[in-house]
Amino acid sequence: MSQVPAATRALRVLRFLATQADPVPLDRVMRACDLPRSTAYHLLNTMIDEGFVVHLAEEHRYGLGVAAFEVGSGFTRQEPLARLARRPLAELVDRTGHGAHLAVLHGRDVLYVVEERAPGRPPLVTDVGVRLPAHLTASGRAILAMLPASQVRALYPDRSAFVDRHGQGPTSLSALRAILADTRQRGHADEDGEVTPGLQSVAAAVLDHNAHPVAGVAVTFPSEGAGTAEVAAVARAVTATAALLTRRVSGPAGAGRAGAT
């Protein structure tokens, strides 16, 4: 073990934590990565300092930190995912008649990487390169709903993490958790007027081969005149597009997982 580079040990720990459904105790990390206790302890502390691991002291467990997610989602901010998404998003616009976009999580924000505008519709705030608070957007909620609870808690440790745009949206972790639970139950996320008054969005998550959310697909449309049937039709179209992108990102094993956001 003394001959194994420290970088290799750190990557083994990250890979192991990424495969776990929940944070794990130190002993699990030691056994899985073949590390002495002192080595595992010091390595994890270094990774905590850098944001790649979070320590849940009250539970004596370790999980992935925000920095690990940002590195992992870096792939989705690059051209491969954008190229995969452009045609499905264009078809989603044709199907719904409304603008569609693809966003990835970046810290507590979502970063918009692809936007397809519907003909004759005004431009939206969700232009490529724009960042918005994840907890207020449908795309962000779709992604957050598929993250482990420990990662959501690490992203939103206190009320100061909940920025406000128009006096709407969750202002505490418990309120956000309720929204995310509802999102998972319904199979899609939504928001109405929390980003832009008069506009609402519906979104679903795109998952990788580990069922980890790498992006959110959303459609935005005017709130006025949008009946229950239309919103339901948009939600079906969005979840179908997210499922298609999940299959393209993760292969056949990912089929059927998108939409359960």
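Which residues does V217 touch, not counting residues up to four places away in sequence? I began my notes with this question and return to it below.

**Entry 1. Basis**

I recorded that this is a predicted model, in which local features need pLDDT of at least 70, side-chain atom pairs count only at pLDDT 80 or more, and totals for chains, interfaces and linings use all residues. I also noted that residues are numbered from 1 along each chain as its sequence is written, and that side-chain values use heavy atoms, with hydrogens and water left out.

**Entry 2. The whole chain**

I looked up the secondary structure and found nine helices and eight strands in the protein chain. Helices (H or I, at least four residues) and strands (E, at least two) are DSSP runs, numbered from the N terminus.

Along the principal axes, the C-alpha atoms fill a box of roughly 65 × 40 × 30 Å.

Of the 261 residues, 49% are buried. Buried means under 20% relative accessible area, exposed over 50%, and partly exposed in between (1.4 Å probe, protein chains only).

For contacts (heavy atoms within 4.5 Å), I took those with a separation of 6 or more: 59% of them join residues 24 or more positions apart.

**Entry 3. The largest nonpolar core**

A nonpolar core is a set of buried Ala, Val, Leu, Ile, Met, Phe, Trp, Tyr and Cys residues joined through side-chain atoms within 4.5 Å. The largest one has 29 residues, and L89, L92, L102, V206 and V217 touch the most other members. Two or more residues come from each of α5 (79-96), β3 (99-106), β4 (109-116), β7 (199-207), β8 (213-222) and α9 (228-250). Helix α9 gives the most, with seven residues.

I now answer my opening question: V217 touches L89, L92, H101, L102, V202, A203, A204, V206, V238, T241, A242 and L245. Another core lies apart from the largest one and has 21 residues, among them L136, A145, L147 and V195. In soluble globular proteins, nonpolar side chains tend to be buried together.

I located S139 in helix α6 (residues 138-144). S139 counts as buried because its relative accessibility is 0%. Beyond its neighbours within four places in sequence, S139 is in contact with H101, A103, V110, Y112, A203, G216 and A218.

T137 lies in the loop between β5 (131-133) and α6. At 2% relative accessibility, T137 is also classed as buried. When residues up to four places away in sequence are not counted, T137 touches V110, Y112, L132, E191 and V195.

L81 belongs to helix α5. L81 is buried, with a relative accessible area of 1%. From L81 to A161, I noted 80 residues in sequence and 29 Å in space, C-alpha to C-alpha.
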